[in-house]
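Colleague: Could you walk me through this model? I would like to ask a few questions as we look.

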Amino acid sequence: FSTDDLLSRRPVSGDVAILRELIAGKRVLVTGAAGSIGSELCRQIVESGAAYLACLDKDENGLFRIERELGDKRPDTELEFLLGDVKNEQRLEVFFQQARPDIVFHAAAYKHVPILQFHPEEAVANNVLGTTRLVDAACRHGVQRFVMISTDKAVNPTNVMGATKQVAEKVVLGRSESQDTGPMFTIIRFGNVLGSAGSVVEMFNKQIKNGGPVTVTHPDMERFFMTIAEAVQLVLFAAAMGTGGDVFILDMGDAVKIADLARQMIRLSGLTPDVDVEVEFIGLRPGEKLYEELWAEGEEPHKTDNPGIMVARRQAIDPTAVRDGSARLITAALAGERDELWRELLALVPDVLGQTGGEAEKPPVRPGDPERVG
């Protein structure tokens with residue numbers, strides 16, 4: 001079966017002429033180009049007639065795969081594949097001089113909630129420092145549009161991953177607020193994508209093939225889902241709408257219970273749930289929420305001309321406070337000062353603890369780690 005079979009609705013689409021107007025003839029840079037979202041962005045950007053596409057990722061094997069795939073199609077787009085890390089300021093300078101992008105799509109991020117709970121320093125370095133350095137490079141090199149891919153986990157976060165993505169959003173919006181000229185900064189926020197690397201669908205598929213059990217954390221766990229292709233197409237549509245400082249939210253329909261998704265996948269495999277393959281509940285993992293939200297209080301979005309895209313109400317942001325606070329957060333992360341990291345993260349994202357529907361935790365401590373605050 002295909003991932004489309006798992007949707008409880010028809011996939012959203014739109015007028016591809018709008019995408020060609022945004023992309024055709026442009027020079028584009030995609031970070032995280034070897035990932036599930038990044039690689040699909042690269043495919044659709046090539047199909048939309050970009051003059052040049054630079055695919056940047058630190059995953060050598062993933063970059064090799066997307067290079068082979070795109071190269072085999074022999075597109076008219078000039079392709080370049082850049083092996084490097086968005087945290088590396090010197091390499092970014094070289095890449096931007098080389099690529100001279102008109103548009104940057106920033107999809108590079110660490111995303112796995114339980115892992116990042118144990119490695120908050122790496123979460124901050126990759127998600128916050130990487131975004132900051134990319135924003136700086138975009139401003140220095142005359143980029144016209146900068147599009148950050150965000151997540152529903154950045155809304156009222158109960159985990160390190162979501163909190164660092166919220167700080168990254170604030171870094172982007174703060175820069176948009178503080179400048180008179182420079183790139184048009186846009187944030188696009190959505191939930192889970194079906195079939196992405198390391199996703200629940202990938203895990204369930206393996207468990208079903210192995211005869212089960214299919215492990216679900218909680219019977220009430222819910223998530224929003226889209227296919228990778230429709231999410232990326234809507235990302236491109238939203239990017240075309242951006243005027244600077246926008247937060248677009250993809251309309252993902254109704255939330256889906258993960259237990260229902262597991263049973264549906266078992267049935268689509270020609271088997272009977274709880275007879276041929278058992279569904280087993282194993283409990284929430286560190287930092288997980290039962291429910292995700294796509295917007296925070298005060299952000300209540302309104303519709304756009306595209307039925308699959310909403311735009312959030314603009315929120316007041318203090319660019320100086322964000323710049324200084326994120327700098328202190330990054331300094332603490334790079335120094336391995338976990339207590340200080342947590343203090344600065346709480347200052348930037350005060351709602352990171354105590355959310356309903358989840359078990360918020362400060363970054364766990366392992367033997368030899370500094371004691372955590374509180």
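**Contacts, burial and helix packing**

Modeller: Happy to! Apart from neighbours within four places in sequence, E169 is in contact (heavy atoms within 4.5 Å) with M148, S150, A154, I187 and R189. This is a predicted model, where local features need pLDDT of at least 70, side-chain atom pairs count only at pLDDT 80 or more, and totals for chains, interfaces and linings use all residues. Residues are numbered from 1 along each chain as its sequence is written, and side-chain values use heavy atoms, leaving out hydrogens and water.

Colleague: Is E169 buried or exposed?

Modeller: E169 lies in helix α7; helices are DSSP runs of H or I with at least four residues, strands are runs of E with at least two, and both are numbered from the N terminus. Buried means under 20% relative accessible area, exposed over 50%, and partly exposed in between, with a 1.4 Å probe and protein chains only. With a relative accessible area of 6%, E169 is buried.

Colleague: How are α6 and α7 oriented to each other, roughly parallel or roughly antiparallel?

Modeller: Helix α6 (residues 120–140) and helix α7 (residues 160–178) pack with their axes 9 Å apart, at an angle of about 15°. Axes are lines fitted to C-alpha atoms, for helices over the stretch in contact, and angles run from 0 to 180 degrees between N-to-C directions. Angles under 35 degrees count as roughly parallel, over 145 as roughly antiparallel, 65 to 115 as roughly perpendicular and the rest as oblique. The two helices, α6 and α7, are therefore roughly parallel.

Colleague: Why is α9 described as largely enclosed by the rest of the structure?

Modeller: Helix α9 covers residues 228–241 and reaches 20 Å from its first C-alpha to its last, close to the 20 Å expected at 1.5 Å a residue (1.5 Å times one less than its number of residues). Its buried residues include I228, L234 and F237. The helix is largely enclosed because the number of buried residues in α9 is 11 of the 14.

Colleague: Which residues is R314 in contact with, leaving aside its neighbours within four places in sequence?

Modeller: R314 sits in the loop between β15 (309–311) and α11 (319–335). With a relative accessible area of 55%, R314 is exposed. Beyond those neighbours, the contacts of R314 are T243, G244, G245 and D246.

Colleague: And what share of the chain's residues count as buried?

Modeller: The secondary structure comes to 12 helices and 15 strands. Of the 374 residues of the chain, the buried share is 52%.
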